[in-house]
Amino acid sequence: MGALPHLLLFDIDGTLLNTGGAGMRAFVTAFEELYPDKVAGQGGVPDIDFAGSTDSGIVMGMFEQLQIADSSEERERFYETYLGLLKANMNASTDKGSLLNGVGELLERLNGYYRDGKVLPGLLTGNIAAGARVKTDCYGVSEYFHFGAYGDDHHDRNQLGPVAVQRASDFFGRDLTSAPVTVIGDTVKDIRCARAFGAHVLAVATGSISLSELGVHEPDILLETLGDVDGVLAQLRIS
């Protein structure tokens, strides 16, 4: 049997793209629409730490702060409202963000290596699966990702790595638990997630976390942006 592909697990927000705040606004508005009395009682929607968090973790934390009983049914009710608002925000011209520097070229180059069996790109994101699809569809990059682990698979991001590897194995039709894995993300939580399942990590300072702060946590690769595609591929040892 041939060599195993290199699994590349991409975060979405702050790593691949910037939605211009469309996702954050959708979250806040969903809470305001669904739970107006609870929100008013708190003097507004409490601050939300989005950087590297999972959607389900955010919802569970917000339910606790707003004293809303948590259940799978209540989360699904929230997600339905959130997704409608997210789609509307993403379609509004004022909410158009963009792919981040170098991402389009990098994904196209990696697609060639995917066809050669050298890499297998997927997603490892805090977004729920449906939200991830809305965002990647909007910026035309869904086709580059063949599997994923999402924020509705588990509220703890550190539990998502093994889910991603299992889904990669299912897609590839071969056990990939011994394949090389690199997580690519823009937050400290991405670094911790990679370490939790023994993966390498490329940290990129294109989100809200500075290069120096990311560096404190000693990722295997640390970049300002993904703009130097040749350099990114060299760092990942893909050729």
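Predicted model: local features only at pLDDT ≥ 70, side-chain atom pairs only at ≥ 80, totals over all residues.
1. Ground rules. Local features need pLDDT of at least 70, side-chain atom pairs count only at pLDDT 80 or more, and totals for chains, interfaces and linings use all residues. Residues are numbered from 1 along each chain as its sequence is written, and side-chain values use heavy atoms, without hydrogens and water.

2. Helix pair. H1 (residues 22-34) packs against H4 (residues 72-91) at about 135°, with axes 8 Å apart. Axes are lines fitted to C-alpha atoms, for helices over the stretch in contact, and angles run from 0 to 180 degrees between N-to-C directions. Helices are DSSP runs of H or I, at least four residues; strands are E runs of at least two.

3. On the H1 side, the residues include Phe27, Phe31 and Leu34; on the H4 side, they include Phe78, Tyr82 and Leu85.

4. Largest pocket. Its volume is about 560 Å³. A pocket is an open set of points on a 1 Å grid over the protein atoms alone, where a 1.4 Å probe fits, with protein on both sides within 12 Å along at least five of seven lines; lining residues have an atom within 4 Å of a point. A volume is the space filled by probe spheres set on the points, which are joined across faces, edges and corners. Of 31 lining residues, Asp13, Gly14, Met24, Phe50 and Ala51 are closest to the centre. H1 gives the largest share, 3 residues.

5. Second largest pocket. The volume here is about 160 Å³. Its lining includes His6, His200, Asp220 and Arg237. S7 gives the most, with 3 residues.

Definitions and conventions. Contact = heavy atoms within 4.5 Å.
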